[in-house]
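Me: Please go through the charged contacts and the surface of the model shown here.

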Amino acid sequence: MGKVHVFDHPLIQHKLTFIRDVKTGTKEFRELVDEVATLMAYEITRDMPLRKTEVDTPVMKAESYVLAGKKIGIVPILRAGLGMVEGILELIPTAKVGHIGLYRDPNTLKPVEYYAKLPSDVGEREFIVVDPMLATGGSAVAAIDSLKSRGATNIKFMCLIAAPEGVEVLADAHPDVDIYIAALDEKLNEHGYIVPGLGDAGDRLFGTK
């Protein structure tokens, strides 16, 4: 069963306050999302395996550790997920980046995939699916469905802000996926927006309306 991790790190919570603030402009918003993604990546990689190695220090040989070659893939859900990619790459520069694009069908209101491009070795990678918001959970579920249909077996989901409804939907659909959240908010409103939330993450990242 996947776990839900809500980060309470003071730096994450401090920066999240300014991300929420309606007065924060596009440039600052983008920088803050990038910084929080880096801090979250530090936590999400805590269980990455290590292997022993030997290194020559200026004094003597020393036994030390390096990452055990685990392959990481980052998959932003287009378009808002793009805002979190660079922050993760700051810590894991060797990660491959895939992309999944989804839109909501106006009749069924369900997500429809319009684009998917992933690393060729899907089955060998641990994937981190990223999207700033986990609202209804529909897009996250569809993106992970897409990854699994292409052979992915090791997946985590990371977002800035989540609604309880979205967490429940994602956990029910994919109980093997751990969910990492900077803040768990109160609820969804009648329009499907997270309350109190931060507004439309894509519009705030890219300066659109």
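Reply: Buried means under 20% relative accessible area, exposed means over 50%, and partly exposed lies in between. The model is predicted.

Me: Is Glu-31 buried, partly exposed or exposed?

Reply: The relative accessibility of Glu-31 is 36%. Buried requires under 20% and exposed requires over 50%, so Glu-31 counts as partly exposed.

Me: Which residue meets the side chain of Glu-31 in a salt bridge?

Reply: Both partners lie in helix H2, four residues apart, about one turn of the helix. The N to O distance is 2.8 Å, and the partner is Lys-27.

Me: Which residue forms a salt bridge with Glu-35?

Reply: The closest N and O atoms of the pair are 2.9 Å apart. The bridge links distant parts of the chain, with Glu-35 in helix H2 (residues 26-44) and its partner in helix H1 (residues 10-20), 20 residues apart. Glu-35 is partly exposed at 32% relative accessibility.

Me: How far apart are the closest N and O atoms of Lys-148 and Asp-176?

Reply: Lys-148 is in helix H4 (residues 138-149), and Asp-176 is in the loop between helix H5 (164-173) and strand E11 (178-184). Lys-148 is partly exposed at 30% relative accessibility, and Asp-176 is partly exposed at 44%. They form a salt bridge, with the closest N and O atoms apart by 2.8 Å.

Me: How many salt bridges does a search of the whole structure find?

Reply: Some share partners, joining Lys-71, Asp-121, Glu-124 and Arg-125 into one network. Over the whole structure, the number of salt bridges found is 15.

Technical notes: Residues numbered from 1 in each chain as written. Predicted model: local features only at pLDDT ≥ 70, side-chain atom pairs only at ≥ 80, totals over all residues. Heavy atoms only, no water. Salt bridge = Lys/Arg side-chain N within 4 Å of Asp/Glu carboxyl O. Helix = DSSP H or I, 4+ residues; strand = E, 2+ residues; numbered from the N terminus. Buried < 20%, exposed > 50% of the residue type's maximum accessible area, 1.4 Å probe, protein only.
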